[in-house]
Amino acid sequence: MRITDNQPLIYSYLQKINLHEFFSIEDLNKIQLCSFAKGENMISAGEPLKEMFFLVEGKVKVYTITAEDKRLIIRFQKNPAMLGDIEFANEEAAMNSVEASTECIALRISYKNLKDIIGDNPSFLLLLLKSIAQKFRTKTNFTTFLVLYPVEVRFASYLLSISTDSKGNLFREEMKNSSLIEIADTIGTSYRHLNRVIQKLCDQQIIERIDGTIHIKNINKLRNLAKDNIYE
């Protein structure tokens, strides 16, 4: 993580995500601008969390670790997004882990400073409530979809969620064979079953495997298969 205190840039990001009305110029020295590399951990489940992150650039992966020590995706979140809002409201340790899926930029402010600045501002509390409600809705949908949707739909949703652009280009390192075991755990299936699904999608000309890397061949077919993307 790289931290800067560029106050004009911080304020421009606050304007971009419509939070500038809650902070004065004097408050900017209490906010840090943080940059995260792709794959870098931002929040670890179970650890005390003392600050809120406002994601202003990039996409993050929110996941949990099961009792069997497997990583299971809960959702992907694109900017703008609040990270640490539930813990801020409940004053508890981090519920889930958060990892940067792309290069990310976030504004960071301690809970103490946030409480001092925001107080009981009803507009901010409403914004906080909407953010928390959306996350619980996503988690409920995820739990339901994990039971109802077959593996090919979950895998299609995963591919769409890690796509880097509208053409469906993927992060190559995410799709190497060595990471398929982790991906299988992530979407709640076995490595063997995932391989069968990959072969099926290759036969349908939806994806292709080249030198151990998976590429999207037909983004429209993949979107149709994924239906509503269950991870976003």
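Me: How many salt bridges does the count come to?
Reply: The count comes to seven salt bridges. The model they are taken from is a predicted one.

Me: What makes the pair glutamate 57 and lysine 16 a salt bridge?
Reply: The side chains of glutamate 57 and lysine 16 meet at 2.5 Å, N to O. A salt bridge asks for a side-chain nitrogen of Lys or Arg within 4 Å of a carboxyl oxygen of Asp or Glu, so this pair qualifies. The pair links distant parts of the chain, with glutamate 57 in strand E4 and lysine 16 in helix H1 (residues 7-16), 41 residues apart.

Me: Why is glutamate 57 called partly exposed?
Reply: Its relative accessible area is 26%. Buried means under 20% and exposed means over 50%, so glutamate 57 falls in between and is partly exposed.

Me: Is lysine 16 buried, partly exposed or exposed?
Reply: Lysine 16 has a relative accessibility of 44%, and therefore counts as partly exposed.

Me: How do you know that glutamate 99 and lysine 61 form a salt bridge?
Reply: The N to O distance between their side chains is 3.9 Å. The cut-off is 4 Å, so the pair is counted. Glutamate 99 belongs to strand E8 (residues 97-100) and lysine 61 to strand E5 (residues 59-65), 38 residues apart. Both glutamate 99 and lysine 61 are buried.

Me: Why is glutamate 91 called exposed, and why is lysine 115 called partly exposed?
Reply: Glutamate 91 has 64% relative accessibility, and exposed means over 50%, so the word applies. Lysine 115 is at 38%, which lies between the limits of 20% and 50%, so lysine 115 counts as partly exposed.

Me: Why is arginine 108 called buried?
Reply: The relative accessible area of arginine 108 is 14%. Buried means under 20%, so arginine 108 is buried. Its place is in strand E9 (residues 104-110).

Me: What makes the link between arginine 108 and glutamine 32 a polar contact?
Reply: A distance of 2.6 Å joins the two side chains, and a polar contact needs N or O atoms within 3.5 Å, one able to donate a hydrogen and the other to accept it, so the link is counted. Leaving aside neighbours within four places in sequence, arginine 108 is also in contact with other residues, including Met1, Ile3, Glu51 and Phe53.

Me: Which residues touch the most other members of the largest nonpolar core?
Reply: They are Phe23, Met42, Met52, Phe54 and Leu107, out of 41 residues in that core. Strand E4 (residues 51-57) gives the most to this core, with five residues. Apart from it lies another core of 25 residues, among them Val197, Ile198, Leu201 and Ile206. In soluble globular proteins, nonpolar side chains tend to be buried together.

Me: What does leucine 107 contact, leaving aside its neighbours within four places in sequence?
Reply: The contacts of leucine 107 include Ile10, Tyr13, Leu14, Met52, Phe54 and Val56.

Me: How many cavities of 30 Å³ or more are there, and what lines the largest?
Reply: The count comes to two cavities of 30 Å³ or more. About 120 Å³ of space lies in the largest cavity. Of the 13 residues lining the largest cavity, Arg75, Gly84, Glu87, Val98 and Lys135 are the closest to its centre. The largest share of that lining, three residues, comes from H2.

Me: Which element gives the most to the lining of the largest pocket?
Reply: H4 gives the most, with six residues. About 410 Å³ of space lies in the largest pocket. Its lining has 18 residues, and Gln77, Pro80, Ala81, Met82 and Ser131 are the closest to its centre.

Me: How many helices and strands does the protein come to?
Reply: The secondary structure comes to eight helices and eleven strands. Buried residues make up 47% of the 232 residues in the protein.

Key:
Residues numbered from 1 in each chain as written. Predicted model: local features only at pLDDT ≥ 70, side-chain atom pairs only at ≥ 80, totals over all residues. Heavy atoms only, no water. Helix = DSSP H or I, 4+ residues; strand = E, 2+ residues; numbered from the N terminus. Buried < 20%, exposed > 50% of the residue type's maximum accessible area, 1.4 Å probe, protein only. Contact = heavy atoms within 4.5 Å. Core = buried A, V, L, I, M, F, W, Y, C linked by side-chain atoms within 4.5 Å. 1 Å grid on protein atoms, 1.4 Å probe; cavity = no way out; pocket = protein on both sides within 12 Å on 5 of 7 lines; lining within 4 Å. Points joined across faces, edges and corners; volume = space filled by probe spheres on them.
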